[in-house]
Amino acid sequence: MSTRKITFTEAINEALRQEMERDPSVILMGEDIGVYGGAFGVTKGLIQKFGPDRVIDTPISEAGFIGAAVGAALAGLRPVVELMFVDFFGVAMDQIYNQMAKLRYMSGGQLKVPVTLRAPIGAGISAAAQHSQTLYSIFAHVPGLKVVVPSTPYDAKGLLISSIRDDNPVIFLEHKVLYGLKGEVPEEEYTIPLGKADIKREGDDVTVIGLARTVWHALDAAEQLSKEGISIEVIDPRTIVPFDKETILKSVKKTGRVVIVDEDYDRCGFASWVASIIVDEAFEYLDAPIKRITTPNVPIPFSPPLEQYILPDAKKIINTVKSILG
Amino acid sequence: MLPSIPKEKLLEMYKKMLLIRYHELTAKELFASGKIPGFVHLYVGEEAVAVGVISALREDDYITSTHRGHGHCIAKGLDVKRMLAEIMGKKTGVCKGKGGSMHIFDFSKGMLGANGIVGGGAPHAVGAALASKLKGLDRIAVAFIGDGAMNQGVVLESLNLAAIWKLPVIFVVEDNMYAMSTRSLMPGKLQPRYSAAKSYVERAIGFGIPAVEVDGMDVLAVYEAAVEAVNRARRGEGPSLLHCKTYRFFGHFEGDPLVYRDKEEEETWKKRDPILLFKDKLVSMNIVSPEELDKIDREAKAEIEEALKFAEESPYPEVEEALTDVFTDNSY
């Protein structure tokens with residue numbers, strides 16, 4: 001496959017375009033995704049190529065259009081919906097967690113709901129408390145939703161194509177700080193299976209697990225620590241539902257030390273859940289307490305130093321790794 | 001009006017109303033005897049709305065329904081055996097016992113789901129209509145909603161989406177005057193009103209949607225209004241709203257103490273039983289003899305008795321069944 005360097009945004013745009021070319025049942029819905037090209041420019045050029053019947057600008061009615069996407073999916077389309085910021089899920093949560101997530105189960109397996117709900121997540125741009133949340137743990141908590149959180153342009157494209165082709169509802173979360181990140185991406189279509197973790201860097205001393213932006217903090221920390229002779233294995237689960245616990249357990253059994261880096265709120269979150277899996281299934285392999293670096297249970301502050309203070313970063317990872325190496 | 005509807009169709013409508021009535025009376029008894037777990041919301045008194053609207057549809061048209069959905073399901077042709085089995089939580093239920101009374105689905109009949117969330121199904125009808133339009137099909141979708149749902153944000157969003165996209169969808173407001181215990185449009189002896197609109201017709205027109213008020217106890221009036229809305233939808237002229245005025249003869253749910261309703265009001269409405277009104281009309285217009293109608297009555301009753309036997313004799317699902325049907329690959 002011929003690859004070239006493109007941004008995270010371009011990788012997603014390309015996945016959308018290629019899937020729309022391949023499958024006429026794929027449609028896009030969302031606010032300002034047409035002529036404007038999406039709040040973050042992800043759907044740029046698509047309305048010109050596919051027209052307003054397949055790239056549908058919606059009014060500001062998240063519950064209405066996410067619900068309509070569910071209905072359209074039941075009737076045979078494959079809608080990809082853009083929620084402008086994940087934080088806006090609140091006004092549409094019933095359609096996400098009571099409807100989209102549960103219709104298949106409640107119907108005894110009669111219905112298929114192939115909706116992909118894309119949304120930008122994450123802090124780091126001073127967007128404050130209502131435009132900066134990560135929130136994947138909330139979606140993962142509800143049975144019936146797959147949850148995908150890519151960290152690289154390559155993963156974003158392959159995972160989005162898999163998500164669109166999946167016959168189940170998929171929440172596809174894009175970290176807004178990563179949108180401009182460039183990486184090698186094949187021009188052709190390819191898929192990455194949901195539920196397959198990726199080892200982003202191999203190492204022997206400590207396993208560091210991250211998602212989306214925190215994968216990059218982990219890689220940064222690993223690079224710095226390598227200069228001190230500390231070898232870090234960085235694992236990116238890439239999807240929370242389904243979850244590849246085998247890759248993580250295998251790594252933990254090798255290193256005996258784990259740090260989980262999670263930009264979502266600390267309480268009842270992703271990091272705690274992963275830690276509990278490791279305790280349940282690999283306790284005897286642990287040489288140190290499992291450490292979690294998360295966002296404390298406060299709304300995301302606006303002022304840059306405050307925001308920076310609460311978010312996970314490479315420095316926090318380095319300090320934590322050193323603390324468990326004794 | 002009557003001469004244009006074939007006798008066969010009129011009798012089919014009559015039978016469906018009876019099937020709903022007997023199904024609901026059976027469910028009432030089953031609930032009282034503890035054989036139906038959970039909640040049951042009965043459709044008795046509102047039969048003319050479901051049957052009038054759905055008789056104007058094609059088999060491949062879609063409907064979405066409400067927590068009070070048994071009537072819509074039966075009118076759409078669901079198998080009463082598997083419905084009653086579902087309501088009792090049995091393995092043979094139409095949803096394998098995973099949905100229950102408030103969440104009955106039958107995809108093969110275009111029944112996209114009863115819904116436990118007030119107004120929750122309305123945008124699904126909008127989406128199904130959108131799919132139909134984008135695929136170039138002439139299938140239409142009907143969203144049944146109650147008067148309570150007319151104050152729900154997602155329903156108002158759905159009205160707007162249907163209007164701006166000119167979708168083949170019909171909103172049928174079953175106005176039984178009460179959103180659980182609160183009055184909707186008209187203040188009563190015991191309460192104020194909880195909807196500032198004078199009528200839902202007025203509200204729909206505010207969204208740019210043609211709407212009419214219909215006597216929801218008169219199945220032929222409902223049918224006539226539905227035919228017009230269906231034709232408009234199939235011609236590609238967009239959505240409609242039918243405001244059907246009706247009354248539930250029992251409480252909001254079985255077990256409702258009904259402290260919020262005036263007895264005199266209840267008696268007045270019960271005199272306009274939609275099944276009796278239809279029967280009188282059919283007989284007085286010499287379309288059918290009372291004997292013929294009695295025969296249909298016995299058939300409907302027998303069908304429900306057979307369904308009851310089937311449901312009662314059916315086993316509960318195997319417990320492992322609880323872990324299937326979350327995702328298509330059966331992972332969870």
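Which domains does the domain assignment of chain A give? Two entries: domain 1 (3–186) and domain 2 (198–325). Those bounds come from an automatic or database domain assignment.

Some ground rules. This is a predicted model, where local features need pLDDT of at least 70, side-chain atom pairs count only at pLDDT 80 or more, and totals for chains, interfaces and linings use all residues. Residues are numbered from 1 along each chain as its sequence is written, with chains lettered from A and ligands numbered from 1 in the order in which they are written.

Back to the domains of chain A. Their C-alpha centres lie 26 Å apart. The contact takes 26 residues from domain 1 and 23 residues from domain 2. Contact here means C-beta atoms, placed from the backbone, within 7 Å. On the domain 1 side, α6 (136–141), β6 (146–148) and α7 (153–165) each supply at least two residues. Helices are DSSP runs of H or I, at least four residues, and strands are runs of E, at least two, numbered from the N terminus.

Next, the chains. 36 residues of chain A are in contact with 37 residues of chain B. The largest share of chain A's side, ten residues, comes from α3(A).

Now the core. The largest nonpolar core has 204 residues. Such a core joins buried Ala, Val, Leu, Ile, Met, Phe, Trp, Tyr and Cys through C-beta atoms within 7 Å. Buried means 20 or more other C-beta atoms within 10 Å of the residue's own. B:V169 and B:V172 touch the most other members. Helix α1 (residues 7–32) of chain B gives the most, ten residues. Both domains of chain A give residues to this core, so it lies between them.

Note on methods
Two residues are in contact if their C-beta atoms, placed from the backbone, lie within 7 Å. A residue is buried if 20 or more other C-beta atoms lie within 10 Å of its own, exposed if 12 or fewer, and partly exposed in between; C-beta atoms are placed from the backbone.
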